[in-house]
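Good morning, colleagues. Please turn to the sequence and the structure, which I shall now display.

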Amino acid sequence: MKKEENKMEQLTLFDNREQTTPLASRLRPDTFEDYAGQKHLIGKGKILRRLIEEDQISSMIFWGPPGVGKTTLARIIAKQTKAEFVEFSAVTSGIKEIKEVMSQAERNRKMGIRTLLFADEIHRFNKAQQDAFLPYVEKGSIILVGATTENPSFEINSALLSRCKVFILKALQEEDLKALLLHALKSKKGLGNMQISIKDAHLEAIARFSNGDARTALNTLEMAVFNGRMNEDAVLCVDEEILAQCMNRRSLLYDKNGEEHYNLISALHKSMRNSDPDAAVYWLCRMLDGGEDPLYIARRLVRFASEDIGMADSHALSVAVSVYQACHFLGMPECDVHLTHAVVYLSMAEKSNALYRACEACKTDVRELPAEPVPLQICNAPTGLMKELDYGKGYEYAHDTEEKLTRMQCLPDALVGRRYYCPDGKGEEARVKMRLSEILEWKNGH
């Protein structure tokens with residue numbers, strides 16, 4: 001009878017699940033002791049912990065990936081410093097709302113009450129909204145705590161950023177997440193009122209899957225428990241099949257317009273340059289799994305084929321262009337194997353950056369030196385006047401010679417003897433290097 005009562009009690013809990021607060025919200029800590037991670041900032045004796053304990057806090061920016069406790073940390077700071085906590089959203093808060101809150105904060109300040117204004121996703125506030133904070137930050141009417149997943153040096157006005165201390169929050173370690181999950185299972189605010197059977201290895205799998213995100217970890221645990229099977233002893237059992245369904249796609253941090261986007265394409269490019277096909281394929285799959293446009297990746301491969309391989313293997317450019325066309329025809333998910341084909345080919349090809357060096361050296365001269373006139377002998381002369389002005393005079397047609405070469409000067413006088421293309425001699429470029437040496441030797445009359 002008691003088993004049936006327990007079973008009914010747990011069923012009732014799930015029947016009312018729509019009225020319950022999400023597990024991540026129920027377990028939000030309100031003290032440093034319960035806070036997971038960020039020991040480099042709030043551990044005993046660390047800088048942020050000292051500033052809070054000594055009541056010396058000022059406006060600050062929390063920069064870090066999602067789910068690492070930026071909002072929670074701001075709430076703890078407000079509680080520790082006895083400040084009124086006000087949360088702002090870039091979506092729902094215009095200039096009018098900001099000024100109204102600031103006016104109230106100024107009145108509170110005159111009464112000795114501090115206001116901690118938390119601006120979540122502060123990078124989404126436009127310039128006018130960010131500027132509206134400035135005078136109140138300068139006067140000390142508010143303590144501004146902004147949270148962002150984007151590099152603040154790119155996304156936040158320099159005037160506002162210069163008045164804030166930036167603290168970097170790190171993704172949580174797997175051991176931090178596992179401890180958090182164990183706490184959720186035991187805490188009365190969490191799942192402690194329920195009888196749950198879940199293996200230690202399954203908790204480790206959730207921690208690993210969550211990629212440093214506490215919210216993802218707790219949401220995954222809650223979903224797994226919700227879908228658990230109740231045995232005859234009224235115990236909810238979470239098995240591998242249920243867990244696999246709850247983790248059917250790894251939630252990797254990826255923002256196609258943010259810093260991680262550039263970090264990953266950089267990792268792909270440098271892995272191919274280092275002739276590491278395994279690393280290159282991994283970074284490729286990371287980008288595709290994050291939803292990157294395959295045509296963007298294909299375009300970068302086309303660039304790589306000339307920038308890092310060039311004449312050492314001219315077929316590389318043909319492969320890259322063909323793969324771009326294949327991606328255009330098929331799209332995802334079928335084109336993933338074509339991109340892998342290109343990435344492996346480019347990784348294994350002989351490398352030369354001679355074309356890139358030639359292009360960059362020449363661009364520098366074009367920018368920094370005077371715009372030299374085209375030598376008359378290689379100017380076109382379509383009119384009689386131009387012929388009278390010696391346009392085209394002295395032009396030598398290379399095909400009229402046995403060597404298919406002439407000693408005619410083609411560079412401006414000020415640049416005679418300048419070398420831009422200096423082949424490395426790798427792969428097929430060895431033949432090109434030898435040919436160029438022969439041409440230069442002939443032109444120098446040797």
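First, the basis of the values. This is a predicted model, in which local features need pLDDT of at least 70 and side-chain atom pairs count only at pLDDT 80 or more, while totals for chains, interfaces and linings use all residues. Residues are numbered from 1 along each chain as its sequence is written, and side-chain values use heavy atoms, with hydrogens and water left out. Helices (H or I, at least four residues) and strands (E, at least two) are DSSP runs, numbered from the N terminus.

Let us begin with helix α6, residues 95-110. Its 16 residues should span 22 Å at 1.5 Å a residue, and the end C-alpha atoms lie 23 Å apart, which agrees; the expected span is 1.5 Å times one less than the number of residues. Which residues of α6 are buried? They are Ile98, Met102, Ala105, Glu106 and Asn108. Buried means under 20% relative accessible area, exposed over 50%, and partly exposed in between, with a 1.4 Å probe and protein chains only. Seen down the axis of α6, these buried residues fall within an arc of 160 degrees, so they line one face of the helix; the arc is that of the directions from the helix axis to the C-beta atoms. The face turned away from this buried side carries the exposed residues Lys96 and Lys110. After α6 comes Gly112, with a positive phi near 85 degrees.

What do the buried residues of α6 pack against? Their partners are β2 (84-89), β3 (115-120) and α7, where contact means heavy atoms within 4.5 Å. Helix α7 covers residues 127-139, and its axis lies 9 Å from that of α6, at an angle of about 10 degrees. Axes here are lines fitted to C-alpha atoms, for helices over the stretch in contact, and angles run from 0 to 180 degrees between N-to-C directions. That makes α6 roughly parallel to α7; angles under 35 degrees count as roughly parallel, over 145 as roughly antiparallel, 65 to 115 as roughly perpendicular and the rest as oblique. On the α6 side, Ile95, Ile98, Met102 and Glu106 take part, and their counterparts in α7 include Phe133 and Tyr136.

We turn now to α15, residues 277-289, and α16. Their axes come within 10 Å and cross at roughly 150 degrees. That makes α15 roughly antiparallel to α16. Leu284, Met287 and Leu288 of α15 meet Pro294, Tyr296 and Ile297 of α16.

Next is α17, residues 315-330. Here Ala316, Val319, Ala320, Val323, Ala326 and Cys327 are buried. They cover an arc of only 120 degrees around the axis, which puts them on the same side of α17. His328 and Phe329, on the other side, are exposed. The buried residues pack against α16 (294-309) and α18 (336-348). Just after α17, Gly331 takes a positive phi of about 70 degrees.

Finally, the two single residues. His261 belongs to helix α14, residues 259-273, and is buried, with a relative accessible area of 5%. Asp365 is found in helix α19, residues 354-368. Is Asp365 buried or exposed? Asp365 is buried, with a relative accessible area of 14%. Leaving aside residues up to four places away in sequence, Asp365 touches Leu415, Arg418 and Tyr420.

Thank you for your attention.
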